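Subject: The structure, and what I found in it

Hi,

Here is the structure I promised to pass on. Have a look at it first, then read my notes below.

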Amino acid sequence: HKRKRYHEVNDTGVTFEDIGGLEKPKQELKEAIDFLKFDERARRYGIRPLKGILLTGPPGTGKTLMAKAAANYAEAAFVAASGSEFVEMYVGVGASRIRDLFKEVKQLALEKGLSRGVIFIDEIDAIGGKRDGRQQKEYDQTLNQLLTEMDGINTTEHPRLLIIAATNRVDMLDPALLRPGRFDRLIRVDLPDKRARKHILELHFRHKPLAGDVNLDEVAKDTYGLSGAQLESVANEAAIYAFRAEEKTINRKHIALAIEKVMLGEQTDKESTG
Ligand code: ATP
């Protein structure tokens, strides 16, 4: 029964430079982390200590990457979990998992000699969203535990904790989560525009052998509506087509096939979920 079974723990190694586009949200996140890095100075201004940041936006847009980069920038221990892991049939299990998560990040920070810790909770709506009656009690306990832990964060003691959560349905969240002193800072992480898509493509083709006939500007134009995660798939699928064809470089044809594949996959996903 090791906690590590359901909590991903790592040295993130991700920096803001590894994230394509999202210039404004990156800036906002860095500024928020600066309140943490320079918290004594922030206190002198009477700024309310920051405990929670909520990243909102569609799937695959880089919210997890942003949380990892933030932890790295904050020089913090990093622990991640998904809200869906806390939803259990047995009352009390979710709440005790929340407690474990907070213990775990403190422990990790101590072990690593770091004075800050970041907890990332993806799909926070699974904890702080609306549920049906049967699961209501369990859900209330889990949410209450999270609120209790957040309210109990001591902002003058080490390790100094910050909770970053992500959701693509902020409208579904319990307002208790959004109150001052909890997730009171919202950062929007949107689908990439053409320029951002080019940037993301450049990042994901960085270590791949691209043919001279490939113009990433055009690829960015042809990938309208795709998320960062889907652009990563385009780069990977294109490389697979080149590999299968035993060609030395990834050319326009491979990329066109990859775009088609990713876009078709997206369509069948939508059809199958209605
Ligand atoms: P979800 O809401 O589905 O959990 P997410 O918003 O957390 O998704 P990530 O897990 O951060 O998305 O992204 C998945 C992968 O997609 C990343 O590991 C990365 O390879 C790629 N990716 C997504 N967005 C970007 C981006 N802005 N720049 C570079 N790569 C990206």
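A quick definition to start: I call a residue buried under 20% relative accessible area, exposed over 50%, and partly exposed in between, using a 1.4 Å probe and protein chains only. With that cut-off, Ala165 counts as buried because its relative accessibility is 0%. Ala165 is part of strand 5, residues 160-167, and its C-alpha lies 24 Å from that of Tyr90, 75 residues away along the chain.

Some housekeeping. This is a predicted model, where local features need pLDDT of at least 70 and side-chain atom pairs count only at pLDDT 80 or more, while totals for chains, interfaces and linings use all residues. Residues are numbered from 1 along each chain as its sequence is written, and side-chain values use heavy atoms, with hydrogens and water left out. Helices (H or I, at least four residues) and strands (E, at least two) are DSSP runs, numbered from the N terminus.

The ligand

Which residues are closest to the ligand? They are Gly20, Gly60, Lys63, Thr64 and His204, out of 17 that surround it; to be counted as near, a residue needs a heavy atom within 4 Å. Helix 3 (63-73), helix 7 (194-205) and helix 9 (228-244) each give the shell at least two residues.

A polar contact here is a pair of N or O atoms within 3.5 Å; within protein, one must be able to donate a hydrogen and the other to accept it, and residues adjacent in sequence count only if both atoms are side-chain atoms. On the ligand, a polar side-chain atom of Thr64 sits 2.6 Å from an oxygen atom. On its own the ligand has 630 Å² of accessible area, and the protein covers 77% of that (Shrake-Rupley method, 1.4 Å probe; for residues, only the protein chains shown count as cover).

The ligand takes up the space of the largest pocket. A pocket, on a 1 Å grid over the protein atoms alone, is an open set of points with protein on both sides within 12 Å along at least five of seven lines, and a molecule sits in one if more than half of its atoms lie within 2 Å of its grid points.

Helices

Helix 7 has twelve residues and runs 16 Å from first to last C-alpha, close to the 16 Å expected at 1.5 Å a residue. That expected span is 1.5 Å times one less than the number of residues. Its buried residues are Ala196, Arg197, Ile200, Leu201, Leu203 and Phe205.

Why does the length of helix 4 (residues 93-112) agree with what it should be? Its 20 residues should span 28 Å at 1.5 Å a residue, and its end C-alpha atoms are 28 Å apart. Among the buried residues of helix 4 are Arg97, Asp100 and Glu104, along with Ile98, Leu101 and Phe102. Gly113 follows helix 4 and has a positive phi, near 65°.

In helix 1 (residues 23-37) you will find Pro25, which counts as buried at 10% relative accessibility.

Glu75 is not a glycine, yet its phi is positive, about 50°. Glu75 sits in the loop between helix 3 and strand 3 (77-82) and is partly exposed, at 49% relative accessible area. Glu123 also has a positive phi of about 50° without being a glycine; its loop joins strand 4 (116-122) and helix 5 (125-128), and at 36% it counts as partly exposed.

The loop between helix 6 (133-151) and strand 5 holds Pro159, and the peptide bond joining His158 to Pro159 is cis, with omega about -5°. Asn154 is in the loop between helix 6 and strand 5 too. The side chain of Asn154 makes a polar contact with the side chain of Thr156 at 2.8 Å and reaches the backbone nitrogen of Glu157 at 3.3 Å. Asn154 is partly exposed, at 33%.

Cheers

Notes:
On a 1 Å grid over the protein atoms alone, a cavity is a set of points where a 1.4 Å probe fits but cannot get out, and a pocket is an open set with protein on both sides within 12 Å along at least five of seven lines; lining residues have an atom within 4 Å of a point.
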